[in-house]
Amino acid sequence: NKLASDPFARGKGPDKLQLEELKDPLIETVLEPGSLLYMPAGFPHTTDTIEGGSKETSIHLTIGIDTHIWGLTYAFMRSCALQRAGQKTTFSDKEDTSLTPEHYQLLHEPLPLGFLAADILSRATVDASMTRTERQAANTRALVDGMALELARRMAAVEPERFEGQEPGDMVEQLQLKVAAVTFVQHYQRIMGIQRRMYLDGKIGITSAPSTLMRVQQYMVMLDAAMEDLLGWAQGRASPTAAAAAAAAAA
């Protein structure tokens, strides 16, 4: 009933979600030792331990792919690119939660980074005569070009009236979507680098912090700083990363 709520944040933080607000569950199951349950993003869920079950401690491990949290979606790339171009980021003066479910899903799909880049990279022009550096550059160009063009296509599909008569290729140039794509690739690499070091530090203690919690906390500050820098780029702030992105997109 909360139409303005972020579907990916229902029941989290200040968004209070009561069991009475939900209909009958789509899945109600008991997980045994070794069981795995996939929960799609945006699906409210709750867990408990069966009464009268084993007296042993029950522990479960949750693994999340946080593309939404760290801005690695077409929706966030769109918003940042439009903001940097000085254009409105809303949809007909409404929030993105007022989009049709199909259009909302189209924009909030994760960007093709990491293992999701396989399809785009399979179309990169590389050959055996290239050096490793040349292959990496060709793959990066293919990824940037593919991300920029795909974002333009999705924007045109979601807002046909706004971009009427414009080809996706023209939108890429007008909104500098290749620059945005380079910026988001760099943002992804930064986020992954911080998280990789955070998990290593939490496991083996590569810094001198006295506890695991304190070791992890410093990386959360770095992650927040990465998001602030990305938002700063969208607002037009000058930075070495922004300059590098523009140069890479023009190459």
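1. A quick definition before anything else: "buried" here means under 20% relative accessible area. Also keep in mind that this is a predicted model.

2. Start with α4, residues 132-158. The helix has 27 residues and spans 39 Å from first C-alpha to last, close to the 39 Å you'd expect at 1.5 Å a residue. Its buried set is Ala-138, Ala-142, Leu-143, Val-144, Met-147, Ala-148, Leu-151, Ala-152, Arg-154, Met-155 and Val-158. Those buried residues pack against α1, α2, α3 (118-121), α5 (168-174) and α6 (177-204).

3. Now for how α1 sits on α4. Their axes come within 10 Å and cross at roughly 90 degrees. Angles of 65 to 115 degrees count as roughly perpendicular, so that is the label for α1 and α4. From α1, the contact uses Tyr-74, Met-77, Arg-78 and Leu-82, while α4 brings Met-147, Glu-150, Leu-151, Arg-154 and Met-155. Sorted by class, that contact has six nonpolar, no polar and three charged residues.

4. Next, α1 (residues 74-84) against α2 (residues 101-108): the axes come within 5 Å and cross at roughly 80 degrees. This pair is therefore roughly perpendicular as well. Tyr-74, Ala-75 and Arg-78 on the α1 side meet Leu-106, Leu-107 and His-108 on the α2 side. The class count for this contact is four nonpolar, one polar and one charged.

Conventions
Residues are numbered from 1 along each chain as its sequence is written. This is a predicted model: local features need pLDDT of at least 70, side-chain atom pairs count only at pLDDT 80 or more; totals for chains, interfaces and linings use all residues. Side-chain values use heavy atoms; hydrogens and water are left out. Axes are lines fitted to C-alpha atoms, for helices over the stretch in contact, and angles run from 0 to 180 degrees between N-to-C directions. Helices (H or I, at least four residues) and strands (E, at least two) are DSSP runs, numbered from the N terminus. Angles under 35 degrees count as roughly parallel, over 145 as roughly antiparallel, 65 to 115 as roughly perpendicular and the rest as oblique. Contact means heavy atoms within 4.5 Å. Ala, Val, Leu, Ile, Met, Phe, Trp, Tyr, Cys and Pro count as nonpolar, Asp, Glu, Lys and Arg as charged, and the others, Gly among them, as polar. The expected span of a helix is 1.5 Å times one less than its number of residues. Buried means under 20% relative accessible area, exposed over 50%, partly exposed in between (1.4 Å probe, protein chains only).
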